[in-house]
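Please keep the sequence and the 3D view at hand while you read.

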Amino acid sequence: MTIQVLRSLICEKEFGETVIVENSSYMGVEVLLKVIIDVAKEKGVPILIEDILDTFPVYAQHLKLLGNDILSYEKINILKIGGVEDLGKITAKVPFESDLRVYLSMYREAFANVTPREKFYDLVFGLDRLFILNDMPVESSTILSAIRDYIMNHQRIAFYFVEHPLMDELMTKPLPIIKDIATSVLRIEQDRETLIVNVIKDPWAMKARTKKIMIPIRDVFGGQ
């Protein structure tokens, strides 16, 4: 299969959907990020990037080294949550607070202020780090409740990127609950130079009769 099959999956997403991306690969997030932004450019859809604790800049810099400056898309705004590395057009900053309820209150206000008026793609990086720092039953439940509040937001298509090995080590095991409330779940693995996108749950998969997408990485980056 080619990168076009993955593009088809992204293009078929409807506003109101929430996609959980479980990553266990070296380049999976970069590939999916590039595809999402390419699709957004073609459709003229604005993007809000939520960068929790400097997670997003790593992927953006990897892509730039591979000749893909994703931040050149003028319709990308960034909501910065904690961290110190400012990259891209940052439209709001939320300081990271040890008191989770204070943090979530500030986050809700910032999100409401930066949300585009038109429909948009919402790309969330670093949710796993938030759970790691709050790996206790009450705190984990509070974060899950906050996620549920945004699940049915029909103004956006949300992509939550999480590193599967990090989530799997958590005492509170929130990932199965997150996957249950999401409309779509993708698990990305890698076998040498081939990316494997396992479609765990997705309305597109039934129509396309596809549960696994195999992508040679050089098909995405031209052998770089």
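Predicted model: local features only at pLDDT ≥ 70, side-chain atom pairs only at ≥ 80, totals over all residues.

Residues are numbered from 1 along each chain as its sequence is written, and side-chain values use heavy atoms, with hydrogens and water left out.

**Nonpolar cores**

- The largest nonpolar core has 46 residues; such a core is a set of buried Ala, Val, Leu, Ile, Met, Phe, Trp, Tyr and Cys residues joined through side-chain atoms within 4.5 Å.
- Buried means under 20% relative accessible area, exposed over 50%, and partly exposed in between (1.4 Å probe, protein chains only).
- The members touching the most others in this core are Leu32, Leu33, Ile47, Tyr121, Leu123, Phe125 and Phe161.
- Helix α2 (residues 28–43) gives the most to this core, namely nine residues; helices (H or I, at least four residues) and strands (E, at least two) are DSSP runs, numbered from the N terminus.
- Another core of 34 residues lies apart from it, with Leu79, Phe131, Ile147 and Ile151 among its members.
- In soluble globular proteins, nonpolar side chains tend to be buried together.

**Ile47 and Ile49**

- Beyond its neighbours within four places in sequence, Ile47 is in contact (heavy atoms within 4.5 Å) with Ile37, Ala40, Tyr73, Lys75, Ile76, Asn77, Tyr121 and Leu123.
- Ile49 sits in strand β2 (residues 47–52) and counts as buried because its relative accessibility is 0%.
- Not counting residues up to four places away in sequence, Ile49 touches Phe56, Ile76, Asn77, Ile78, Leu79, Leu123 and Phe125.
- Between the C-alpha atoms of Ile49 and Asn77 there are 6.2 Å, although the two are 28 residues apart along the chain.

**Lys201**

- Lys201 belongs to strand β8 (residues 194–201) and, with a relative accessible area of 29%, is partly exposed.
- Leaving aside neighbours within four places in sequence, Lys201 is in contact with Lys179, Asp180, Ala182, Thr183, Ser184 and Val185.
- A polar atom of the Lys201 side chain lies 2.7 Å from the backbone oxygen of Ala182.

**Surface patch**

- Ile132, Leu133 and Leu166 make up a nonpolar patch on the surface, together showing about 250 Å² of accessible area (Shrake-Rupley method with a 1.4 Å probe; for residues, only the protein chains shown count as cover).
- Patches are made of residues with over 30% relative accessible area and no salt bridge, with like charges joined within 9 Å and nonpolar side chains (Val, Leu, Ile, Met, Phe, Trp, Tyr) within 5 Å.
- Ile132 is part of helix α5 (residues 127–132) and is partly exposed at 38% relative accessible area.

**Salt bridges**

- There are 10 salt bridges, each a side-chain nitrogen of Lys or Arg within 4 Å of a carboxyl oxygen of Asp or Glu.
- Arg187 pairs with Glu22, their closest N and O atoms being 3.8 Å apart. Arg187 lies in strand β7 (residues 184–191) and Glu22 in strand β1 (residues 18–23), so this pair ties together parts 165 residues apart in sequence.
- Arg187 is partly exposed at 25%, whereas Glu22 is buried at 0%.
- Arg156 and Asp122 meet at 2.5 Å, N to O, linking strand β6 (residues 156–163) with strand β5 (residues 120–125). Arg156 and Asp122 are both buried.
- Lys93 and Asp86 form a salt bridge at 2.7 Å, N to O; Lys93 is exposed at 53%.
- Lys13, Glu17 and Asp202 are joined in a salt-bridge network.

Note on methods
Polar contact = N/O pair within 3.5 Å; in protein donor to acceptor, adjacent residues only side chain to side chain.
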